[in-house]
Amino acid sequence: MTPEEQQSQSDREAMFALNTWAQSYFIKQMNETDEGRAIGLSYFHSRGFTDETIEKFGLGYCLDKSDMMTMAALNSGYKADFIEKCGLGNRRDNGTWYDRFRGRVMFPVHTLSGKVVAFGGRVLKKDDKTAKYVNSPESEIYHKSNELYGLYFAKQSIVKQDRCFLVEGYTDVISMHQAGITNVVASSGTSLTPGQI
């Protein structure tokens with residue numbers, strides 16, 4: 001490989017490592033903080049998800065604190081550039097950080113091999129100024145038009161049954177998997193693309 005290709009591969013691996021860390025962070029915040037249990041965990045339970053299903057899909061919660069998650073990532077040794085590229089935190093013009101997903105329940109998006117490639121975050125507060133869902137931005141590792149939510153969990157069932165059901169969103173996939181229909185994926189609100197097909 002050329003030095004550029006080696007650098008690109010190294011950057012991709014660093015971004016996957018950061019996303020893996022972030023997933024663990026969101027799970028911990030949901031299960032080990034009062035806010036996480038009261039808002040995140042109670043939301044998933046209200047949707048009828050069992051603890052086993054919540055664990056299987058790696059669901060979590062980002063605390064409603066301005067830059068707490070970003071600061072934790074920086075303190076854990078992750079580079080600011082990768083935090084921005086993965087879309088976990090953003091910098092304001094004055095240099096201060098804010099967490100992209102603060103105050104949201106978290107849905108990790110996995111590659112076919114099970115790596116966390118992106119996140120979707122759903123806000124639970126009623127606020128007309130806030131988007132209901134916020135997703136990770138396009139990056140070197142995440143191309144929305146090529147990803148299907150739940151494919152990692154559905155692939156064996158799809159092959160076995162030679163059939164795939166396509167639904168709209170994260171909770172649709174999770175609900176159907178929990179009900180025993182596991183050959184299900186979602187395009188996550190985007191139009192179906194040739195890459196997804």
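Reader: Which aspartate meets lysine 125 in a salt bridge?
Author: A salt bridge needs a side-chain nitrogen of Lys or Arg within 4 Å of a carboxyl oxygen of Asp or Glu. Here the N to O distance is 2.6 Å. The partner of lysine 125 is aspartate 64.

Reader: What pLDDT do side-chain atom pairs need to count?
Author: Residues are numbered from 1 along each chain as its sequence is written, and side-chain values use heavy atoms, leaving out hydrogens and water. This is a predicted model: totals for chains, interfaces and linings use all residues, local features need pLDDT of at least 70, and side-chain atom pairs need pLDDT 80 or more.

Reader: How many residues apart are lysine 125 and aspartate 64?
Author: Helices (H or I, at least four residues) and strands (E, at least two) are DSSP runs, numbered from the N terminus. Lysine 125 lies in the loop between strand 5 (116–123) and strand 6 (133–135). Aspartate 64 lies in the loop between strand 1 (60–62) and helix 4 (68–75). The pair links distant parts of the chain, its sequence separation being 61 residues.

Reader: Is lysine 125 buried or exposed?
Author: Buried means under 20% relative accessible area, exposed over 50%, and partly exposed in between (1.4 Å probe, protein chains only). Lysine 125 has 57% relative accessibility, so the residue counts as exposed.

Reader: Which glutamate pairs with lysine 85 in a salt bridge?
Author: Lysine 85 sits in helix 5 (residues 80–85), and its partner in the loop between strand 6 and helix 6 (151–161), 55 residues apart. Their closest N and O atoms are 3.3 Å apart. The partner is glutamate 140.

Reader: Which lysine side chain makes a polar contact with the side chain of glutamate 35?
Author: A polar contact is a pair of N or O atoms within 3.5 Å; within protein, one must be able to donate a hydrogen and the other to accept it, and residues adjacent in sequence count only if both atoms are side-chain atoms. Glutamate 35 is in helix 2 (residues 34–46) and is buried at 18% relative accessible area. At 3.1 Å, its partner is lysine 65.
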